[in-house]
Structures are given as C-alpha cells and as structure tokens.
4 protein chains.
Amino acid sequence: MPVRNTVRPGELDQFYNTVEAMHLRPGWLGRNVGMEREPHPKLKPYLWRWADVEPLVWKGGEMVTPGRDIERRVLRLASPGMERGTTHTMSAAIQLVLPGEVAPAHRHTPTAIRFIIKGKGSFTTVEGERCPMAPGDLILTPSWTWHDHVNQSEEPIIWLDGLDTPLVRGLEAVFYEDFPEDQQPVTKLVDDSELRYGAGALKPAWEQPSTQWSPLLHYKWERTYQALQKLAEVAASPFDDVALEYTNPANGGPVLPTMACLVQLIRPGVRTQAHRQTSSAVYYVVRGEGYSVINGQRFDWAKDDFFVVPPWAWHEHGSEAGEESVLFSIQDIPVLSALGLYREETYRDNGGHQAITSHFTGG
Amino acid sequence: MPVRNTVRPGELDQFYNTVEAMHLRPGWLGRNVGMEREPHPKLKPYLWRWADVEPLVWKGGEMVTPGRDIERRVLRLASPGMERGTTHTMSAAIQLVLPGEVAPAHRHTPTAIRFIIKGKGSFTTVEGERCPMAPGDLILTPSWTWHDHVNQSEEPIIWLDGLDTPLVRGLEAVFYEDFPEDQQPVTKLVDDSELRYGAGALKPAWEQPSTQWSPLLHYKWERTYQALQKLAEVAASPFDDVALEYTNPANGGPVLPTMACLVQLIRPGVRTQAHRQTSSAVYYVVRGEGYSVINGQRFDWAKDDFFVVPPWAWHEHGSEAGEESVLFSIQDIPVLSALGLYREETYRDNGGHQAITSHFTGG
Amino acid sequence: MPVRNTVRPGELDQFYNTVEAMHLRPGWLGRNVGMEREPHPKLKPYLWRWADVEPLVWKGGEMVTPGRDIERRVLRLASPGMERGTTHTMSAAIQLVLPGEVAPAHRHTPTAIRFIIKGKGSFTTVEGERCPMAPGDLILTPSWTWHDHVNQSEEPIIWLDGLDTPLVRGLEAVFYEDFPEDQQPVTKLVDDSELRYGAGALKPAWEQPSTQWSPLLHYKWERTYQALQKLAEVAASPFDDVALEYTNPANGGPVLPTMACLVQLIRPGVRTQAHRQTSSAVYYVVRGEGYSVINGQRFDWAKDDFFVVPPWAWHEHGSEAGEESVLFSIQDIPVLSALGLYREETYRDNGGHQAITSHFTGG
Amino acid sequence: MPVRNTVRPGELDQFYNTVEAMHLRPGWLGRNVGMEREPHPKLKPYLWRWADVEPLVWKGGEMVTPGRDIERRVLRLASPGMERGTTHTMSAAIQLVLPGEVAPAHRHTPTAIRFIIKGKGSFTTVEGERCPMAPGDLILTPSWTWHDHVNQSEEPIIWLDGLDTPLVRGLEAVFYEDFPEDQQPVTKLVDDSELRYGAGALKPAWEQPSTQWSPLLHYKWERTYQALQKLAEVAASPFDDVALEYTNPANGGPVLPTMACLVQLIRPGVRTQAHRQTSSAVYYVVRGEGYSVINGQRFDWAKDDFFVVPPWAWHEHGSEAGEESVLFSIQDIPVLSALGLYREETYRDNGGHQAITSHFTGG
C-alpha cells in the first residue's frame with residue numbers, strides 16, 4: 001500500500017509525462033474531462049433561407065453532373081461550427097436531379113430519407129421497387145438497401161435528403177457498395193410496398209414483415225395531409241401543435257431505427273409552448289410562414305426554408321395569424337430512446353414561452 | 001417398494017372405486033383419456049343462408065325489444081352439436097336495432113367486434129366515442145370497454161356481432177357490468193380514434209398507446225375496400241387470395257388479443273388451394289357468390305351468408321367466374337399463437353385441391 | 001322495416017322452434033346466457049392428503065405397468081364436479097415409476113412439468129437431453145418435445161405431473177405422437193441445458209435461444225431453496241410471503257407460455273393476507289405444515305399434500321409457529337395475461353384476513 | 001431549368017466560396033466525403049501490460065486523493081490516436097481506492113461497470129444498495145443511478161471501470177449531478193438486488209422489474225466461474241471458446257443498453273478462429289497467459305493486462321498449453337444491434353487463422 005508522501009515539486013509533471021508515454025491518462029486532469037450538469041452541445045440553432053439556397057442549387061445544376069464521378073449533386077446543410085453533419089447525428093442536404101439524369105445505384109449502411117420539395121415524374125428505386133416522387137412525399141431508403149434516382153420527366157426535381165451519416169461514421173460502421181450498373185433492375189410493381197402496406201392499419205394477411213424498418217417505403221403527401229387535417233379536428237400537442245409521427249406499420253414504432261420522421265401542422269396564429277429534448281432535429285418548411293424560438297432566439301421562416309434545433313435547446317413554434325404552416329422534420333429520437341438517453345423537459349415560466357432575446361438575421 | 005402380485009379378480013374394480021372416492025382418477029382408464037394423433041373437433045363446418053336467416057331477424061324485430069330485460073336483440077349462429085358458441089372459442093350473432101331503439105350500455109371482459117351488414121345512421125359508442133355505423137365498417141369494443149348502440153336514424157340496422165365469449169367463459173373469466181344509464185355520455189368527438197389513428201402509418205406524435213388492443217376502434221369500409229383493390233394489383237395468397245388482416249396500428253399485430261379480423265377478396269374465377277390451421281373461423285360474405293370446400297364438402301355461398309370453419313379442417317375458397325367475392329372473417333389465431341399452439345398445414349395432393357365428396361344442402 | 005305487432009299467443013314459441021331448426025339461438029333466451037357480474041367457477045377448492053393418496057399410488061404400482069398399453073402410471077387429481085382436469089385449464093397427477101421401468105417416449109402439444117416428490121436416480125429425457133431427477137427438482141417438457149422417463153435405479157420415484165391438457169383440449173389443439181422406440185436416443189450431455197443456462201444471469205454468448213419456452217429444462221432444488229432463503233432475508237409478498245417465480249432465462253418471463261411455476265416459503269407463524277386472481281392454481285406442499293383459507297374455508301395441509309385454488313377465489317396461507325413451509329405451484333397466469341384477462345383483487349377487510357366459516361374435512 | 005453552360009475558369013471556386021459563406025457544402029467536394037467500402041477505424045489495437053501500469057497506479061495513490069476536487073483516482077486507458085476514450089464508444093480506466101477513502105457519490109447519464117482486480121472489503125453503493133467488492137465481481141452502475149465507493153477495509157482496492165462516456169458525449173447527452181454528501185444513505189440491505197435476482201432463473205414473484213437495465217447489480221465471481229466451468233463441459237464458440245454473456249434477468253438481454261459484458265475461458269492450448277464485428281471491445285485478463293491476433297498482429301498477454309479490439313478488426317485468441325485463461329470484456333454490441341448496424345464476418349482462409357505479420361512490443 002502506498003504511503004502518502006508530500007508531493008515534491010515537479011514530481012507530478014514527471015508522473016504525467018510517464019503516464020502519457022504509457023498511453024494512460026489521469027482521470028483528474030483537464031477541465032473538459034469532468035462532466036457538466038447538462039448538455040452544452042457544439043451545435044447551435046441555424047436557419048437556411050430558400051431564397052438564398054435555391055439559386056445555388058440551380059447554379060450547381062449548371063456546373064456539375066451526377067454520375068460515376070459525382071455520386072450525388074447535393075448541397076449539404078453544414079451547420080456553423082460543426083465539422084460535418086447538420087446535427088451531430090444527422091446530415092441533411094438538398095439534391096437536384098435534372099431531366100434525363102440518373103443518380104447512380106448504390107447502397108450503404110447509413111440510412112436515408114427523401115422528402116420531395118419540387119418536381120414530379122422522377123423515381124427513386126429501392127430494392128427493385130420504383131417509388132414515383134411528388135412534392136410532400138416521404139421515401140425511405142433503409143440501411144444497406146440498393147437505391148438509385150432517375151429523372152425521366154421533363155421537369156427538374158429537388159428534394160431534401162436526410163441521412164444518419166454522422167452517427168454511423170461516429171460508430172465506425174459505414175459500409176458502402178456501388179451497384180454494377182447505373183440503375184438497378186426494376187423487379188417489382190411501381191409502389192409495391194405502398195400497394196401492400198399503404199393503408200397502414202391493414203396488412204397482407206400472410207406476411208410477417210421484419211420490424212427493423214418500415215415495410216412501407218413511400219408515404220404519399222395526400223394521405224399525410226389528410227391525416228393532419230383529421231388530427232387537427234380532435235387533438236394537438238402543446239409543444240408541437242398538430243403533430244404526427246410517420247410510423248412503421250409492422251410495429252407501430254419509428255420508421256427507421258435511427259431517425260424518426262414527423263410532420264406538424266401549426267394552425268393559424270398558434271404559438272406553442274417551449275420544451276427541450278436530448279434529441280436533435282432538422283426541419284423543412286413545407287408550407288406557410290411562421291417562426292420558431294430556439295434558446296431565446298427568434299427564427300422567422302417561410303416555405304422551403306430549413307432550420308436546425310440542437311439537443312437540449314428550448315424550442316417553440318408559431319404560425320402567423322391567418323396562415324397555416326406545415327413543418328416536416330427528421331429527429332434522432334429513436335437513437336436516444338434505444339440507448340436509454342431520451343429526456344424531455346417542459347418550459348415552466350411565462351406560460352411556457354421563452355423571452356425573445358435576439359432575432360436570427362443570417363449566418 | 002411394491003411387490004408385483006398377480007392381480008386378483010375384482011381387485012382392480014375395487015381399486016377404482018376407492019380411487020374415485022378419493023377424487024383421484026387412474027390415468028390409464030378410458031379410451032378418451034388418451035390423446036389422439038391430431039385434433040378431431042366436435043365442431044363441424046356449417047353454413048347459414050341469408051335467405052333463411054333474414055326473415056327471422058325481422059320477425060325477432062317484431063316480437064322483442066332491446067332494453068333492460070332483453071340486453072341485445074340478437075340471433076346467435078348456433079353450430080350444430082355445440083352446446084354454445086359458433087366455434088369453441090367464438091360466438092357470432094346477427095343483431096338488429098330498429099329506429100329509435102337503444103341497445104343499453106354495459107361492459108364485459110369478453111371482447112366484441114361488429115361488422116355492419118345493412119343500414120346506416122346508427123352509432124356504437126365505445127368509452128365515450130361515437131362510431132357511426134355504415135355497411136362494411138368494422139367496429140371494436142375491446143374487453144371491459146363501455147359500449148352501447150343507438151339507432152336515431154330512419155332505417156333499421158343489422159350487423160354481425162363477433163365475441164370471444166366461449167373462450168372467456170371456458171377460462172372462467174367473465175366479468176359483467178351494466179352502465180347506470182341506457183346510454184353512456186359522449187365525451188369525445190365522433191370517431192375520435194379514427195381521426196387520430198385512421199391513417200394507419202401515422203400517429204399522434206405525443207401518444208404512446210397501450211398495445212393490448214388497437215387504439216383505432218373504427219375501420220371504415222371505404223379504406224378497407226381500397227386496400228383490397230390495391231393489394232389485388234400486386235400480390236395474393238395461394239390459400240386466401242387477396243387477403244388483408246386488420247392490424248393494431250400501435251404494434252402491427254392483430255386488432256384484439258383474442259380475435260383476428262380478416263377480409264379477403266376472391267377474384268373472379270379464382271379457386272384457392274387448401275390448407276388447415278389449428279384456429280377456427282367464422283366467415284361473412286360481404287359481396288359476390290362463390291363456394292368453399294371444407295373437409296371435402298362443398299358449401300355454396302352468396303352475399304350475406306355466414307359459414308364456419310372448424311380447427312384443423314382443410315378449406316379452400318372459390319369465386320364464380322365473372323364474380324368478385326369478398327369475405328370478412330373473425331379468427332382465433334391470436335389465442336393459438338400466444339399459447340404456442342398455432343399450426344398450419346398445406347394440402348399437397350391434387351394441385352392443392354380437395355376432392356369434393358358432398359355438397360352442403362342445409363342443416 | 002318490421003311493424004311491431006302485438007305478439008299472438010304461441011307465436012313466440014313457434015318462432016323459437018323455427019329458429020332452433022335453423023341452428024340459430026335467440027340471444028335473449030335462458031337465464032344462463034346472460035353474463036354474471038363476476039366469475040362463479042364450477043371448480044371448488046379441494047385438498048388431497050398424502051396419507052390418503054400414497055397407499056393408492058403404491059397399490060397402482062402393484063397392479064399396472066407402464067408400457068405400450070398404459071402410457072403412464074398416474075393418478076390424476078380429479079377435482080369434484082369437474083369432468084376433467086384438476087382445474088379448468090390444468091391437470092395434475094401423481095406418477096410412479098418403479099425400478100427398471102420406462103414410461104415410453106412420446107410427444108404432444110400439451111405442455112408438462114414434473115416436480116419430484118420422492119426418489120432419485122431416475123431420468124427424464126427431453127429432446128435428447130437426460131435430466132437426472134431428485135426431490136424438489138422441476139423439469140420441463142414443453143409442447144411437442146419428445147420425452148420419456150426411465151428408472152434405472154434401485155428406488156421407486158414419485159413425482160407431480162402438471163399439464164395444460166384441459167386448456168389445449170378446450171382449444172381443440174391436441175396433437176400426439178409415439179416415438180418408435182420406448183426410449184429416444186440420448187444425443188446430448190446429461191443436463192446439457194443446465195450446463196448452458198443454469199446460472200440464470202449468464203448465457204452462452206453465441207446463442208440466441210427461442211423465447212417460446214425456457215431453454216433451461218431442469219431447475220435443481222438446491223438452487224431453488226437457496227434462492228428462497230436469500231429472498232427471505234430481504235423481501236416478501238403480503239399475499240404469498242417469500243415467493244419466487246421460476247423464469248425463462250431467455251426473456252425473464254414465465255417458464256412456459258401456458259403455465260407459470262412458483263415456489264414460496266411461508267415463514268414460521270406467518271399468515272398472509274387474502275387476494276384473488278382470475279387464474280387458478282394447483283399447490284404441492286414441499287415441506288412443513290400449515291393451512292390455507294380459501295373462500296372462507298380452512299384447509300390444513302402437511303408435507304406432500306396437494307390442493308387446488310379456483311379462479312377468483314379469495315385465498316391466504318399460513319405456516320404453523322416454528323414451522324417453515326414451502327409450497328410449489330403451477331398457475332395458469334400466463335394464459336390469462338396473454339389474452340388480456342388477468343385480474344387481481346386485494347381483500348380489504350379485517351386486516352386482509354377472511355373470516356373462517358368452515359374447515360375442510362375431506363371429500 | 002438550368003442550361004448547362006461550359007464552366008468558366010474560376011467559376012467553380014467562386015461558387016464554392018459563396019456556398020461556404022451560406023453554410024452549405026457541396027456533397028461532391030473532398031475525398032473524405034465519399035464513403036468507403038468498409039470501416040477503417042481510427043482506433044488501432046493496443047495492449048497495456050500490468051507490469052507497466054501497476055506502478056503508476058500506486059504512484060497515483062501517493063500523489064492524489066479522491067474527494068471533492070478529484071472526483072475519482074483513475075488512470076484511463078488512452079488508446080493511441082484517440083482524442084478520448086479507449087474505443088470510440090467506451091472508456092476503460094483503472095481505479096484505486098485506498099483504505100479509509102471515499103470516491104464521492106454522484107450520478108451521470110453515462111453508464112458504468114466495475115470489474116474488481118484486487119482487494120476486498122470495499123463497497124460500491126448504488127441507489128442505496130451496498131455491493132461488497134471482491135476480485136472477479138462485476139458491479140453495475142446504470143445510467144443516472146447514484147453511486148459512491150468506499151473503502152473501510154485495511155487493504156487497497158483496484159478495479160476496472162468501463163463507461164460509455166465517449167458514446168454519450170458524442171450524442172451530446174451527458175447529464176451529471178453531485179450528491180450533497182460524500183456518501184449516499186444506505187437504504188437497502190447489503191446486496192439487496194443479488195438477494196432478489198441473484199439466482200438468475202428465479203425472480204420475486206410479485207416484481208415486474210423495468211427491463212431498461214438489469215435489476216441485478218452485482219454478479220459475483222464464484223457464480224461466474226462456476227458457470228464457465230459448467231459451460232466448458234458442454235459447448236464452446238469457435239471464435240471465443242467458452243464464452244458467457246452476463247444477462248439482464250428481466251429480459252435475457254445485455255446487462256445494459258449500451259454495453260455488453262462477457263467473460264470467456266480459453267482452455268489450455270486452444271487457439272480460436274478469427275472473426276470480425278462492427279463492435280469494439282476492451283479486454284481484461286482475469287487469469288492465465290495467452291495471446292490474441294488482431295489484424296495479423298500478435299499481442300501476448302498475461303494476468304491483469306488490458307487490450308483493445310477495434311471495430312471490424314479480425315481477432316482470434318489463444319491460451320498457452322497447460323494454461324487456462326479467462327478474459328473479461330466490455331463490448332458495445334448492444335448499441336450496434338439496437339441501431340441495425342451490427343455485422344459479423346468469419347475469417348475463411350487458413351483454417352480460420354490469420355497469418356501473423358508482426359508482434360506487439362509496446363506503444
């Protein structure tokens with residue numbers, strides 16, 4: 001057993017040197033080794049205006065062409081201060097595919113969703129199933145499923161990509177493979193999974209789908225919007241107003257093991273109350289005009305804007321009077337929940353509303 | 001340790017008498033105590049023709065009135081040879097409610113479903129939620145939920161009741177309670193659960209519904225029939241043709257812990273292959289004309305007929321050429337599955353088709 | 001729509017006759033068709049004294065021999081008033097196998113457990129695994145597993161059989177098959193499953209056992225009794241005193257989908273409080289002397305006695321002062337739970353103790 | 001729709017500048033944005049010899065004292081090239097508590113395990129339950145449970161700490177709280193959870209433990225080692241020899257949602273075959289002498305050494321002839337599994353054995 005000596009000058013430094021050389025690190029060294037009372041994430045809230053983004057999307061359309069050199073023509077939402085990712089777990093991007101173009105077939109362990117912004121007549125093919133893309137549609141390309149996008153129409157298509165790449169990279173679990181051809185063969189009927197599972201509360205009687213991800217790959221806007229309107233008749237959340245989660249019909253859970261997809265209608269003039277969660281979220285404004293208050297900062301948004309809410313950030317949303325807004329979002333709630341780390345807290349003061357201390361005016 | 005003697009004459013009988021007096025029973029006594037190679041259920045296949053049943057339903061309407069003395073004006077499908085129940089686990093019945101009538105509010109641990117045959121404008125109220133009833137709709141009244149039926153319309157309503165009463169009685173687990181009033185108070189919006197969960201693959205983002213039974217209480221015919229048509233484009237079962245199971249959107253499983261509900265479209269001219277299951281089923285012919293072959297006996301059916309398939313009975317279905325048929329059924333599959341007793345076997349001979357050895361001609 | 005006529009004399013009877021001929025049954029007919037407020041099971045509490053039973057067990061040993069004619073030499077506990085079964089879902093019996101005898105190999109969909117009363121040196125073989133039998137051991141033979149019993153020792157062995165036969169018969173799901181030989185081949189090490197899963201909270205790292213039933217087939221008495229003593233140091237139930245449930249190490253649930261196995265130590269002088277459950281139970285007195293009060297009737301029991309508690313019967317247990325008692329029981333709780341029918345109620349009056357209105361003195 | 005122009009010189013650079021200023025990032029830029037065929041983790045295999053580490057542990061004991069300034073006296077295993085953590089998800093450390101010392105009570109969302117190396121007579125207290133620590137014991141302090149360590153004995157104690165801190169930090173979900181006193185009050189019996197759940201396949205009949213983490217907090221060495229010896233009689237994995245996973249008795253799954261704990265006995269002279277997994281592992285040599293081959297590099301280890309296996313690294317293990325070895329490890333398998341990212345691959349060539357291309361000789 002050690003005898004406690006007085007520590008001689010320099011002895012501690014010498015110890016630290018020796019220890020470091022052995023690839024050990026004293027647990028008591030350094031400020032950042034301690035844990036803080038609650039999360040202070042690097043990620044800050046941010047908003048991208050469509051007015052700024054759109055010209056660059058088209059400009060990219062002029063300058064580069066997807067194919068074997070450029071896998072995808074995308075502009076990623078690169079949150080300030082983050083080395084990569086829109087949040088620490090998710091990466092969102094805007095993809096443009098011009099008439100006649102193909103975004104070649106590949107697969108990877110990161111999971112992706114597409115939410116269509118503009119244009120129709122294009123297809124995403126997932127594991128042999130063609131999903132026609134139309135504004136407001138959600139299409140899933142789960143982990144390790146072959147997928148390609150092809151625009152055989154007369155109009156360009158723009159969509160939001162949402163991936164869990166930062167998470168999967170952080171877990172050192174990225175696998176990637178190119179399909180030998182630009183397009184995979186179409187082996188199923190168009191919208192095969194929608195024809196089987198699209199009704200949601202009815203399923204082919206003889207199928208026992210795996211529950212790892214949703215057997216339904218295509219959630220059409222018409223159904224989504226109808227569901228929002230129906231829910232609006234009957235109930236709303238104090239924090240998210242009329243909010244629906246897209247679910248996996250095979251188990252009622254989130255559509256994907258790493259990302260939840262949500263859509264919420266904020267009724268005209270409604271201002272929700274604030275809460276915070278250990279999850280992060282990327283929002284896309286499907287329609288309307290309004291604002292979110294995130295950690296006391298007001299972000300005004302309009303149709304086609306994007307914004308990001310960091311973990312453990314207070315946030316509340318509002319629609320302009322007379323203006324119904326719809327927000328789509330991807331959220332990493334399933335990751336936090338699966339690992340026992342999901343928490344949520346309600347803002348108690350001031351009727352649930354944060355004091356607005358600043359307005360976001362750009363980068 | 002016993003020494004094996006020669007058993008003296010009468011000694012065994014004396015032993016049996018003594019043993020019986022002690023409320024013991026030798027395991028080796030009696031033929032029927034042994035187990036047989038496979039099930040030979042008491043229940044036999046049977047069919048009720050609407051042409052026979054309907055006049056009696058109306059006649060019942062003339063003679064008795066639901067209320068506190070007659071809880072429900074129903075005619076039960078009493079399979080020949082069965083003491084009670086349409087099958088050994090389920091009881092089906094035809095219920096008539098005339099304009100102005102109320103089937104009073106009560107609750108019980110047996111679970112019920114309603115499938116509407118004729119008439120609209122009536123309501124079933126379940127736990128404060130009014131479900132408007134229309135032909136082809138499925139309405140759930142899960143175990144121990146308050147429910148009443150009220151006909152405030154100008155037309156009579158007839159529906160199929162399906163209950164798990166024989167099962168719950170057999171388990172000695174029947175509890176029953178009358179509501180103090182004829183009708184329970186309506187505390188929710190009409191079709192509250194349909195407004196929340198009707199889209200199936202979308203759910204109120206903030207709700208974590210119990211999975212014991214479906215949070216969706218009303219499955220409307222329009223959606224069901226659309227789903228059948230969509231599925232018909234893409235896939236079918238060799239045994240049941242275009243078959244859908246109604247699911248619990250909270251977990252993707254059966255709508256109720258004791259009864260699965262299925263609906264199947266048999267395309268014109270299709271004859272399915274035979275299989276048998278350890279589960280039993282009661283079928284209602286929603287539309288069309290066709291036949292089922294059950295253990296070699298042919299049962300011709302037409303719109304609004306009912307028939308029963310016993311456990312472990314070979315069965316296959318056919319539609320007339322040019323005639324699309326739709327069958328609704330309740331099946332006790334979830335019971336067998338939960339207890340590890342579900343089995344299914346495919347008929348191998350003769351292309352999967354049984355030889356027809358007789359035609360059902362009535363009781 | 002029917003016009004409500006005055007019902008003419010005899011008209012109703014005529015209606016009933018017509019209806020019955022059609023295999024229909026008016027739902028409003030007969031008192032017993034209604035449901036009662038709570039269960040009034042046919043099964044009554046009963047107790048079998050070992051002093052009465054044992055001589056008959058040995059007598060049976062003298063008179064009949066297990067083999068191809070007599071599958072098993074068992075005396076079933078035939079509760080008074082029950083057509084079959086010790087309860088409506090479970091059948092308990094006492095089995096004797098003499099030195100040199102074999103209870104031939106077979107399998108069936110009913111599930112069985114064995115709890116050893118006396119004798120050691122015999123084996124039960126389950127799916128190729130030999131389980132040596134010793135007093136207090138619990139051995140599982142799950143649904144459709146090959147099993148045989150062989151006594152190659154010098155001493156007779158007596159055990160309690162517990163089966164879910166009444167339940168499986170009621171569900172018309174009994175399948176049965178004889179093994180071509182008296183004994184199945186032994187293909188695994190003695191107690192293979194105990195060597196793999198016996199530690200309970202440790203499992204072979206590479207195995208993903210099915211959870212339908214416990215991968216552990218043999219629960220040895222020594223471990224069970226130690227666990228009781230440990231639990232006695234720290235906690236007890238007000239209704240069952242120091243009670244343990246045997247669990248399936250693959251999912252922490254009951255050992256079998258249809259029967260839970262429990263063991264409880266009633267400490268000297270303890271009298272528990274009463275409760276009632278929708279489940280039924282058959283008890284075996286492993287050691288000690290005490291009593292149970294069931295629906296106000298006192299049943300005094302001693303080592304090796306058996307007794308039965310019906311569904312929804314108030315029951316409480318007591319040990320004599322200075323006398324530690326141990327009860328083993330099989331209970332159909334998993335059935336009720338899986339089907340959403342499990343309920344439990346606490347006796348509130350009189351400190352939780354029923355007034356004793358009679359003493360059980362025999363059949 | 002954009003017209004494809006010839007891209008003028010400098011135009012692309014100008015585009016990139018504009019885009020960057022908008023916090024967008026072209027998806028086609030940079031080599032590292034693409035995904036690689038399979039993981040090439042930053043983490044490399046490494047080994048820490050006890051002979052090197054132990055003197056520094058004692059030296060730390062002389063120089064610093066745990067208390068309010070130094071939360072824990074630990075030396076972390078700081079893998080070369082990693083900014084923090086022993087792997088990208090887990091942090092392992094060696095902790096020393098001297099007689100009379102207390103490692104003060106706190107709680108945090110990162111989860112921890114302790115595996116005792118040397119010394120007994122100390123306690124870890126978790127949520128009011130004292131767990132006595134002895135060599136080979138595993139003790140859990142799940143997420144957000146109060147815990148402190150106190151050494152009231154005459155001998156120092158050294159243990160291995162394993163935490164999921166890098167993972168939880170990466171998810172920005174660290175919460176931390178100090179207990180107001182150095183030690184939390186002891187509110188339960190010593191080893192309360194072991195007395196209730198220690199038998200593994202038996203549980204208090206009335207408890208329905210949460211399954212988020214194991215209700216059993218203390219896995220004693222004696223039981224673990226017995227289980228290894230029993231398993232050795234019957235089965236082994238080709239990759240890990242006689243390997244057990246500690247399980248959560250409430251659901252049969254891993255003990256914690258973020259870390260699996262395993263223990264494996266490598267029988268004398270055994271050399272396992274290689275495989276690789278997307279999970280990472282930190283190993284501690286409980287006893288014996290042997291080696292592991294990791295990505296072709298041979299690491300010789302002896303009692304009390306530590307080593308790390310990165311994700312997707314081929315690894316196989318061997319014991320010296322005549323020498324039984326035991327390895328304890330923490331592995332992040334549950335994280336990969338929960339998120340659908342767990343993969344495993346078997347080394348096919350050369351009888352499953354890698355060619356050894358180098359020997360590890362130190363940092």
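1. In this predicted model, A:F123 sits opposite A:P132 of β8(A). The two strands involved, β7 (residues 122–126) and β8 of chain A, run antiparallel and are paired over 5 bridges. The hairpin they form has 2 residues between the strands, and A:E127 adopts a positive phi near 50° there.

2. Strand β8 of chain A (residues 129–133) has 4 of its 5 residues buried, so the rest of the structure largely encloses it.

3. Across all chains, 80 salt bridges are found. One of them joins the side chains of C:K220 and C:D191, at 3.2 Å from N to O. The partners are 29 residues apart: C:K220 lies in the loop between β14 (218–219) and α5 (221–234) of chain C, and C:D191 in the loop between β12 (176–178) and α4 (192–197) of chain C. C:D191 is buried, at 4% relative accessibility, whereas C:K220 is partly exposed, at 31%.

4. In chain D, the side chains of D:D161 and D:R114 form a salt bridge of 2.3 Å, N to O. It connects strand β11 (residues 157–163), which holds D:D161, with strand β6 (residues 112–118), which holds D:R114, 47 residues apart. D:D161 has 3% relative accessibility and is buried; D:R114 is also buried, at 3%.

5. A salt bridge between D:E177 and D:R107 spans 2.8 Å, N to O. D:E177 belongs to strand β12 (residues 176–178) and D:R107 to strand β5 (residues 102–108) of chain D, 70 residues apart. D:R107 is buried, with 17% relative accessibility.

6. On chain arrangement, chains A and C do not touch, their nearest C-alpha atoms being 16 Å apart. Chains B and D likewise share no contact, with closest C-alpha atoms 16 Å apart.

Definitions and conventions: Residues are numbered from 1 along each chain as its sequence is written. Chains are lettered from A and ligands numbered from 1 in the order in which they are written. Side-chain values use heavy atoms; hydrogens and water are left out. Contact means heavy atoms within 4.5 Å. Buried means under 20% relative accessible area, exposed over 50%, partly exposed in between (1.4 Å probe, protein chains only). Two strands pair if DSSP finds at least two bridges between them. A salt bridge is a side-chain nitrogen of Lys or Arg within 4 Å of a carboxyl oxygen of Asp or Glu.
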